[in-house]
Every structure is written in C-alpha cells, then in structure tokens.
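Please take a moment with the sequence and the 3D structure shown below, and keep both in view while you read. The paragraphs that follow lead from one part of the chain to the next.

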Amino acid sequence: MLGTKILFLEDDKLYQETIKDLLEEENFIIDTCSNGEKFLNKIYDNIYDLYILDINVPQIDGYEIMRILNEYEDETLRLVLTSISNSIIRSFKSGCDGFLNKTGNNQELILRIQSLIKRSYRTYHQDIIISENLSYNIFSKELFYNQEPLEMEPQTLLVLNYLIKNRGNFVSKESLEKNVYPSNSNSKADVIRYHIWHLRKILGVDIIESQKNRGYRLKPIGV
C-alpha cells in the first residue's frame, strides 16, 4: 500500500494511539514504536516519508537518533513532537526539519505535516503536473492519466516519487536504490534500470534523461 508513510516514536501509549488515530483519519499510513531501538529496527525494514520523534524515549533518545540518521545520510523528513521545554534549539541543531510542542492543537500538527511533505517536493500543491495528461499526487503517491489512476508496481512508483522530488537534478542509481528500497533489501542497480525502463514506457522516453556516471534525471516539470 502506497501513500504518505510516517513512523511515530512515542513511549506514551495513550498519546501514541491518539495521534495515530488522528493521522489515519487524514489518510496517512502510520507505524509506531515506543523506544529508540525499535525505531532503528523499523527503518532498517521500511522506507518512510516522515519521522515524528519524541525526544525523551527509552534506550536511544531522539537527539541520538537524529545523530545516527545524520551519520547514515538519511534524507527522511524529521518532525520533533515533544513536551520537553527549551528543546527547540537543540532539536534543530540535531537535524530536525520541524518542531511542535505536544500542547499544540491537532490541526496544527496536520498542517505542519502537510507543509513539510509539500516542501520536500518543492511545491505548494498536492498534485504535480508531469505532462498534459499526467499528474502525480504527492500524498497518495498515485500517477494519474486524465485524472484516472494508473496501476503500477509500488517500487516503480517510488522511483518516480524520488525523481519528482529531485526533478531537474541527476540522481545516481545508488541514491535511488537507497531511497526506494529499505536497508534489508538485496536489490541491485539492474532493478532500478528495470523501473526506469517501465517509467519511460508510461511517461515517454524524453522525460527521464540518463548520463553515465551521473544517473537519471526527470526533466523540470510543472509544480
């Protein structure tokens, strides 16, 4: 199942379930964990669009998790959601993309998440126009032809998703593989070539460029 996938780290079970229910009502896909070690295990097995992190959690705290993510060069968005006072400066210095105190209202949390997702695609809209007939919804991760969703392999759509985020810039096969397949995957660069071939059949051969030693680039498109 594709869509905006979020991993929520929170050790307060009641609050965790409250926020999970809230975000699922907005059609986000939510995984949860209650300590830092479980968080790292989750990201080893899955690819996420956003991490929501409490700071004060067992085993590995939120600051240390962000240090590990920085070291791994994990590009996933990070939103700190905490009740710890005076933690905003250290959170941003540790590498978060957004910060919200738990005392904030639920609507503000939803708006912050939507804003971060749009920012990662460099757009103010939920639909990105690829061509006259093709558009892509950044929240549902669906490709539409004349407003009708196209059936595609999930990994092919994730390759397209990453190219759209980086449209206009070349990305290497290694970067695509890292951001499309989880760390536990045995995928190879040849698999990426297959997905590119499939996308060219749908989008047209001229929309995705390739250069030796540089990788692939989705030509600049409308936002």
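A residue is called buried when its relative accessible area is under 20%, exposed when that area is over 50%, and partly exposed in between, with a 1.4 Å probe and protein chains only. By this rule E142, at 32% relative accessibility, counts as partly exposed. This is a predicted model, in which local features need pLDDT of at least 70 and side-chain atom pairs count only at pLDDT 80 or more, while totals for chains, interfaces and linings use all residues. Residues are numbered from 1 along each chain as its sequence is written, and side-chain values use heavy atoms, with hydrogens and water left out.

E142 is found in strand β8 (residues 142-145); helices (H or I, at least four residues) and strands (E, at least two) are DSSP runs, numbered from the N terminus. Leaving aside its neighbours within four places in sequence, E142 is in contact (heavy atoms within 4.5 Å) with S135, Y136, N137 and P149. The side chains of E142 and S140 are also joined by a polar contact of 3.0 Å. A polar contact is a pair of N or O atoms within 3.5 Å; within protein, one must be able to donate a hydrogen and the other to accept it, and residues adjacent in sequence count only if both atoms are side-chain atoms.

The chain as a whole is divided into domain 1 (5-121) and domain 2 (127-218), with bounds that come from an automatic or database domain assignment. The contact between them takes 14 residues from domain 1 and 17 residues from domain 2. Domain 1 and domain 2 bury about 1500 Å² between them, 53% of it on carbon and sulfur atoms, where buried area is the accessible area (1.4 Å probe) that two parts lose on being put together, summed over both. In domain 1, Y44, I47 and Y121 lose the most area to domain 2, together 47% of what that side buries.

Where do the nonpolar residues gather? A nonpolar core is a set of buried Ala, Val, Leu, Ile, Met, Phe, Trp, Tyr and Cys residues joined through side-chain atoms within 4.5 Å. The largest such core has 47 residues, and those with the most contacts inside it are L23, I113, L163 and L203. Its largest share, seven residues, comes from helix α6 (residues 154-165). Because domain 1 and domain 2 both give residues to this core, it lies between them. Apart from it lies another core, of 18 residues, among them L7, L53, I55 and F99.

At the start of α3, a side-chain oxygen of D61 comes within 3.2 Å of the backbone nitrogen of Y63, and just after the helix E73 takes a positive phi of about 60°.

Finally, look at T4, which is in the segment before β1 and counts as buried at 1% relative accessibility. Its side chain reaches the backbone oxygen of F139 at 2.9 Å.
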